[in-house]
There are 2 protein chains.
Amino acid sequence: MEDTKENKKEISKATMGRLPLYLRFLQEERAKGATFISSSVIAQSISVSSVLVRKDLELVSTQAGKPRKGFPIARLVADLERFLGYDNRSDVVVVGAGGLGKAFLGYEGFKNNGLSVVAAFDVDERVIGQTVAGKPVYSMADFEEFVFARKIRIGIIAVPKAAAQVTLDRMVAAGIKAVWNFAPATLVAPKGIVLKTEDLAANLAILSGRLYRLSEE
Amino acid sequence: MEDTKENKKEISKATMGRLPLYLRFLQEERAKGATFISSSVIAQSISVSSVLVRKDLELVSTQAGKPRKGFPIARLVADLERFLGYDNRSDVVVVGAGGLGKAFLGYEGFKNNGLSVVAAFDVDERVIGQTVAGKPVYSMADFEEFVFARKIRIGIIAVPKAAAQVTLDRMVAAGIKAVWNFAPATLVAPKGIVLKTEDLAANLAILSGRLYRLSEE
DNA sequence: TTTTTATCGTAATTTTTTTATCGAATGTAT
DNA sequence: ATACATTCGATAAAAAAATTACGATAAAAA
C-alpha cells in the first residue's frame with residue numbers, strides 16, 4: 001500500500017458510526033469533571049471492546065493516550081468535534097414544515113454541536129409566517145434567494161414522498177451540497193452531492209422485526 | 001455444514017441494513033408493473049454488487065431466481081416483508097407529543113408496512129386531547145393502562161433528554177419490549193429489551209463532516 | 001432443434017473489521 | 001528507590017464481509 005506518507009486514512013462506516021457515541025459519552029464525562037479516561041471505560045459504556053476503542057481513536061486523536069491514565073478528555077473531545085465537523089459552524093435549512101420539519105426547528109440536540117437549523121420552507125400558506133422555537137417558516141418562493149444569500153450548504157428534506165425529488169433538485173440548483181432526506185423515496189443526486197436518505201419506516205420495521213424474531217426463539 | 005434442515009441462518013448486521021433498501025426498491029418496481037427483476041438491476045439501484053444482492057436474497061427468499069429472468073418480484077416482496085416482520089401488524093405508541101412525536105403520528109411512510117402508530121402520550125395539558133392525523137394524544141396518566149390493554153410492544157421516545165430514561169423505565173414496566181429512542185441521551189435498558197437510540201444530531205453532524213472533508217480535498 | 005445469452009448459485013479468494021496477546025511506559029504504593 | 005498495577009500501542013490471529021470466479025440452467029434467438 002502506498003499511503004504510508006499520505007496519511008489520508010480511510011475511515012470505515014462502522015467506525016464512523018461509533019465516533020459520535022464516543023463523543024457523547026466523553027462530553028458527559030467531562031461535564032462530571034473527569035479529565036482523563038481509559039479506553040476500557042469508554043468501551044464498557046457503549047458495549048464494545050477496549051481495543052476497538054483505541055483503534056478507532058487512533059484514527060482521529062492528535063495525542064496518544066498515556067499508560068495508567070488513559071486519554072485526556074478535553075483534547076479527545078476537541079479532536080472528535082473537529083473530525084465530525086462540529087466546529088465548522090453550519091447553517092441548515094429544512095424544506096417541509098409539517099410535523100417532522102417543525103421538529104427539526106425545535107430539536108434540542110443540535111444546539112450543542114455547532115449546527116444550527118435556521119429556517120424552514122414550505123408551500124402551504126397556512127404555515128408560512130409561523131415561527132417554531134424562534135425559527136421562521138418561509139415560502140418556497142424565497143428558497144433560492146435565502147440559500148444563496150446565506151451560503152447554506154446543508155438541507156433537510158421533510159416533505160411528502162411525491163415532492164421529494166423535486167425538492168432535492170431545487171436544493172442542488174440553489175447550491176446546497178449535503179442533503180438529509182426523510183421522505184420515504186429513492187432519490188437521485190448528481191455526483192459530488194452528499195445524500196443520505198433516512199427511512200424511518202424501515203428502521204422501525206427492523207426494530208419490530210428484531211422483536212419478532214427474538215420472541216419466537 | 002449441518003444446517004441443511006435447520007435453516008436458522010445467521011444474518012449479518014450489514015445484510016440486515018440492506019434488506020429494507022431492497023424492499024423499498026422492489027415495491028416501487030412492482031408498482032410500475034414489473035413482475036421479474038434481476039439481481040443486477042437491484043444492485044445498481046442501491047450501489048452494491050449483484051452477487052451481494054443474490055447472497056443477501058438467498059437468506060430470505062423462498063423461491064430461487066430464474067436464469068435469464070431474475071426473481072419474481074411479488075414473491076420476493078412477500079418474503080422480505082415476512083422476514084422484516086411487516087406482516088405481524090404491530091401497534092406502536094409514541095411518548096412525547098412535541099414536534100417530533102406529532103411527526104410520527106402523521107408520518108406517511110408507516111402506512112405501507114403493517115406498522116401503525118396508534119397514539120401519543122404527553123404530560124403537557126396543552127397537547128393532551130389533540131389529534132394529529134386522526135391519532136389521539138393522551139395523558140401520561142393513562143399510559144400503562146393503554147399499553148396493557150392494547151398489548152402494545154413497541155414504543156418510541158420523543159421526549160426531552162432529561163425525561164428519556166424515566167420514560168424508558170415506564171415503558172418497560174408497562175410491558176413494552178422494543179424501544180426506539182430519539183432523545184439525545186444514553187439510556188440503559190434491561191436485558192431482553194430491544195433498544196435502538198437514534199441520535200439525530202450525530203447523524204446530521206456526520207453528514208456535515210462528510211461535506212467538510214469532501215470540500216477540502 | 002441447436003446455439004447463444006442472460007442470469008443464477010455457490011465455492012474460493014481477498015479484503016475489512018474485530019479480537020487476542022504482549023512488551024513498554026508511567027503512575028502509585030510500599 | 002523499588003516493586004506493582006494499569007493502560008497504552010503494536011502486531012498477530014481470527015472472524016466477518018465482500019468480491020471474484022465459474023459452472024449450470026432457463027429463456028430467447030437462429
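1. The surface near DNA strand C receives its largest share from α3(B), which gives 5 residues. A residue is near a strand if its C-beta atom, placed from the backbone, lies within 6 Å of it. Helices (H or I, at least four residues) and strands of a sheet (E, at least two) are DSSP runs, numbered from the N terminus. The model is a predicted one: local features need pLDDT of at least 70, side-chain atom pairs count only at pLDDT 80 or more, and totals for chains, interfaces and linings use all residues. Residues are numbered from 1 along each chain as its sequence is written, while chains are lettered from A and ligands numbered from 1 in the order in which they are written.

2. DNA strand D has 26 residues around it, and A64(A), G65(A), P67(A), S12(B) and P67(B) come nearest. The elements giving two or more residues to this surface are α2 (39–45) and α3 (50–60) of chain A, and α1 (13–31) and α3 (50–60) of chain B. The surface near DNA strand D divides into 9 nonpolar, 9 polar and 8 charged residues.

3. How are chains A and B related?

4. Between the chains, 50 residues of chain B are in contact with 48 residues of chain A. Contact means that the C-beta atoms of two residues, placed from the backbone, lie within 7 Å. On the chain B side, α1, α4 (73–84), α5 (99–106), β8 (178–181), β9 (194–197) and α8 (200–215) each supply at least two residues. Of the elements, α8(B) gives the most, with 13 residues. The side of chain B that touches chain A has 28 nonpolar, 12 polar and 10 charged residues. Because 96% of the interface residues of chain B are also interface residues in chain A, the copies meet through the same surface.

5. Within chain A, helix α1 (residues 13–31) packs against α3(A) at an angle of about 90°, with the axes 10 Å apart. Axes are lines fitted to C-alpha atoms, for helices over the stretch in contact, and angles run from 0 to 180 degrees between N-to-C directions. The helices α1(A) and α3(A) are therefore roughly perpendicular to each other, a term used for angles of 65 to 115 degrees. T15(A), R18(A) and L19(A) in α1(A) meet D56(A), L59(A) and V60(A) in α3(A). These contact residues comprise 3 nonpolar, 1 polar and 2 charged.

6. In chain B, the axes of α1(B) and α3(B) come within 10 Å and cross at roughly 90°. On the α1(B) side the residues are T15(B), R18(B) and L19(B), which meet D56(B), L59(B) and V60(B) of α3(B).

7. Chain A has an open sheet of 7 strands in the order β5-β6-β4-β3-β7-β8-β9, with mixed pairing. Strands β5 and β9 (194–197) of chain A stand at the edges with a single partner strand each, so one side of each is left without a neighbour in the sheet. Two strands pair if DSSP finds at least two bridges between them.

8. Which way do the paired strands run? Strand β3 (residues 90–95) of chain A pairs with β4(A) in the parallel sense over 6 bridges, and S90(A) stands opposite L115(A). Strand β4 (residues 115–122) of chain A also runs parallel to β6 (residues 135–139) of chain A, joined by 3 bridges; F121(A) has Y138(A) as its bridge partner. In contrast, β5 (residues 131–132) of chain A runs antiparallel to β6(A), with 2 bridges. The hairpin of β5(A) and β6(A) has 2 residues between the strands, and A133(A) takes a positive phi near 55° there.

9. The sheet of chain B is open, with 7 strands in the order β5-β6-β4-β3-β7-β8-β9 and mixed pairing. Its edge strands are β5 (131–132) and β9 of chain B, each pairing on one side only. Strands β4 (residues 115–122) and β6 (residues 135–139) of chain B pair in the parallel sense over 3 bridges, and D122(B) stands opposite S139(B).

Definitions and conventions. Ala, Val, Leu, Ile, Met, Phe, Trp, Tyr, Cys and Pro count as nonpolar, Asp, Glu, Lys and Arg as charged, and the others, Gly among them, as polar. Angles under 35 degrees count as roughly parallel, over 145 as roughly antiparallel, 65 to 115 as roughly perpendicular and the rest as oblique.
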